[in-house]
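Let's look at this one together, a question at a time. Keep the sequence and the 3D view open as you read.

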Amino acid sequence: MLAVNNNSKPVCSCQLGDERLTEELKKTTIHHLMSFLGRDPSRVNNRDLCKALSYVLRDNMIERWINTQKSYYDHHAKRVYYLSLEFLIGRSLGNSMINLGFQDPIAEVVHELGHDLEEIREEEEDAALGNGGLGRLAACFLDSMATLGIPAYGYGIRYEYGLFFQRLLDGYQIEAPDNWLRYGSPWEFERPEQLHPVNFHGRVVTTVDGNGKMRKEWVDTEVIMAMACDFLVPGYRNDQVINMRLWTAKASRDFNFSYFSKGNYIAAVKEKVESETISKVLYPSDKLSKGKELRLKQQYFFVAATFQDIMRRHKKRNESLTDFNDRVAVQLNDTHPVIAIPELMRLLVDLEGIEWEEAWRITVATFAYTNHTLMPEALEAWSVELMERVLPRHLEIIYEINRRFLEEVAGRFPGDGEMLAAMSIFEEGQVKKVRMAHLAIVGSHSVNGVAELHTHLMKTRIFHRFHNFYPNRFNCKTNGITQRRWLLKCNPGLAGLISGRIGEGWITDLEQLRNLEALAGDEGFLAEWAAVKHANKVKLAEYIHKNCGITVSPDSMFDVQVKRIHEYKRQLLNVLHMIMLYQRILDSPLRKLSPRTIIFAGKAAPSYLKAKLIIKLISSVGAVINADPLVAGRLRVVFIPNYGVSLAEKIFPASDLSEQISTAGTEASGTGNMKFALNGALTIGTLDGANIEIMEEVGRENIFIFGMTAEEVEREKSCPSCSPRDVYLAEPEIRRVMDSLLDGTFSTGDRELFRPIFEGLLDPGDPYLLLKDLKSYVACQELVDRAYHDQQDWQRRALLNVARMGKFSTDRTIREYARDIWGIPVEPAGNEP
């Protein structure tokens with residue numbers, strides 16, 4: 001390991017004792033406080049100390065990163081480039097301390113300087129580089145790639161603003177800018193020397209070269225510069241450090257002096273402001289044409305800069321591009337980076353002069369595509385008009401890709417016009433569109449789903465024609481999570497208890513948690529297990545009281561649903577059950593029910609009005625329940641605002657029950673389900689996404705399953721057994737719950753506020769089948785309630801959930817990607833340091 005002395009020169013901490021290492025780290029921290037931040041160490045505040053410690057850790061990573069990069073060149077290693085529009089990394093200080101092995105000495109340094117480490121860590125902003133599961137998965141993957149020693153890079157955009165900062169006002173979601181960089185980031189290295197031009201608009205001209213071959217040139221373009229910013233990602237105690245390279249937009253010309261000289265000061269900087277909008281905010285609204293154009297520009301911006309970087313790196317040691325795919329593997333995280341396929345073809349054909357057939361061979365062998373959605377409306381498609389205007393040469397290339405592909409299809413299915421239309425990359429209609437998922441499948445050698453059910457439904461439903469055409473192209477890589485953040489870091493009490501009994505091998509080989517099964521009957525150990533859970537609940541209760549003004553009992557069941565607010569996630573199902581519980585307690589005050597605190601968190605997209613109304617409903621129902629003395633101590637409701645990685649790290653360790661209740665066949669995988677289970681929460685869920693595989697691992701007796709299967713959902717949609725209104729009329733208790741949405745009980749007398757929700761639930765076309773699954777959900781919740789009464793058995797089941805989560809490490813997932821898709825050898829589990 002490396003430490004840094006007072007002169008910022010690396011010293012080898014492997015030769016230092018604990019006391020000497022602590023002293024060296026303290027000297028370096030003081031050096032950074034004074035020289036980098038200009039602060040008096042005796043009067044420093046928590047934010048300054050947080051920055052100084054971040055610089056200390058960054059110093060320790062940079063030499064390891066340089067050595068890691070040199071080793072790639074020395075071994076002529078094949079490299080993996082993971083392209084993702086999101087990397088939801090959260091905070092880096094705690095994770096870096098753990099992976100570098102510096103947690104204890106830095107805690108001692110902070111103590112000696114008169115500060116509290118937890119307070120220091122709270123000063124760090126969450127890096128707002130993602131929104132949900134897609135971005136968090138990418139961050140977990142980078143941690144596992146670094147820990148497994150895979151030559152890898154993450155590529156994305158350095159957003160100045162995240163999705164938004166969420167607060168609640170009278171129960172309504174209010175969005176404010178998430179300016180996570182307002183104090184700067186000590187973790188990034190700006191690379192102004194890594195500046196690449198990215199072209200937009202313009203036109204395509206055809207020329208003939210000296211050999212008589214026709215060439216295409218993209219001319220008269222608008223140019224925006226992409227500047228690299230590197231964030232380092234350390235492996236777990238193995239001296240491996242990889243980097244996430246994020247691009248920030250810079251104007252090709254900062255200042256138009258001619259406008260300025262004429263007194264037009266706004267026009268003088270207009271080009272700079274408009275250019276740099278590209279990396280300004282994550283997911284600009286695409287409701288308007290300008291928003292759609294900005295999104296497409298964002299996607300091409302980071303892809304174009306990335307491939308210039310890849311080419312630069314490849315050409316350092318390789319004169320030829322014929323072996324490009326033997327040296328480079330590119331993983332496309334969903335459809336956002338799929339424009340990379342025609343971009344690589346443009347580089348190979350137009351700039352490198354490679355013949356189309358050879359360029360296509362290289363391209364297909366280079367790319368692999370991960371699909372993350374089963375909902376056809378969520379599959380990205382760009383209008384031809386927009387792409388022709390913004391990326392005219394790429395549209396030409398896509399047309400040629402499609403022409404050649406449809407010739408193959410026609411050869412296999414002669415005379416089948418319906419097949420050609422269904423498989424075409426272009427969707428015909430009132431607005432002609434480019435189907436990016438189709439382009440991804442045609443242009444990649446591997447297409448993977450992220451759970452067994454998801455992959456099965458890809459093959460048999462949304463992409464069944466492509467699976468028949470490319471039977472060996474589709475495969476499953478079930479998602480995972482990194483145990484180093486989602487247990488070791490976020491739940492130190494449980495991690496310490498586990499390591500004290502079975503050792504620390506699980507940190508790099510999660511299957512070793514199986515050794516906990518032998519302790520499932522140990523009453524003393526289960527008591528310790530319960531004490532850790534209770535301590536975590538006390539901490540979360542304190543956070544809720546401080547930030548929400550609501551007092552909750554850590555002795556109650558913490559029933560938790562935290563995720564993006566969306567109708568298919570079915571937060572409404574939870575709300576309906578919540579209202580039913582409230583009404584049951586009012587009807588029968590002596591009814592024996594486990595005290596329950598129902599906790600929600602999650603953001604609704606700013607333009608998704610139904611989801612925002614669901615947040616208002618949760619808040620309004622909670623306000624009534626929490627104010628009613630008749631249910632005091634028995635039922636509480638909390639909506640914690642501004643859900644993100646750091647808040648999740650507080651919630652998962654404190655949770656008793658994990659709500660994974662999406663309509664079967666809608667969730668690709670989910671990873672929140674894994675994080676809850678790894679922290680000892682039992683799951684109530686449908687047979688959807690990775691819930692099925694979690695059930696297979698932990699045992700049906702240790703999970704609460706309800707509702708229709710994906711096949712039953714499909715049958716119910718095509719041939720309904722009843723309507724939602726039939727359920728409403730046939731079930732008096734459900735009808736009473738529904739009527740309360742309109743009678744003003746939860747809306748201070750306003751009978752219209754929640755009518756859109758009421759009518760949506762009764763809509764015979766409700767695609768998420770809430771009322772049809774509600775009775776099964778309520779019955780399953782009654783099983784949960786009874787089970788929670790027996791606390792020792794509950795803790796035993798919780799222990800078995802943790803013990804059987806070995807499959808769901810991203811270390812396993814990344815090994816499978818490396819073996820099956822990227823062609824990169826990896827040491828077997830358990831061989832890492």
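Q: Which helices and strands each supply at least two residues of the lining of the second largest pocket, and which gives the most?
A: This is a predicted model, where local features need pLDDT of at least 70, side-chain atom pairs count only at pLDDT 80 or more, and totals for chains, interfaces and linings use all residues. Residues are numbered from 1 along each chain as its sequence is written, and side-chain values use heavy atoms, with hydrogens and water left out. Strand 10 (222–234), helix 8 (265–276) and helix 9 (289–317) each supply at least two lining residues (helices are DSSP runs of H or I, at least four residues, and strands of E, at least two, numbered from the N terminus). The one that gives the most, with four residues, is helix 9.

Q: Is Ile224 buried or exposed?
A: Ile224 has its place in strand 10. Buried means under 20% relative accessible area, exposed over 50%, and partly exposed in between, with a 1.4 Å probe and protein chains only. Ile224 is at 2% relative accessibility, so this residue counts as buried.

Q: Which side chain does a polar contact of 3.1 Å join to that of Thr335?
A: Find Thr335 in the loop between strand 12 (328–333) and helix 11 (340–351). A polar contact is a pair of N or O atoms within 3.5 Å; within protein, one must be able to donate a hydrogen and the other to accept it, and residues adjacent in sequence count only if both atoms are side-chain atoms. At 3.1 Å, the partner of Thr335 is Glu380.
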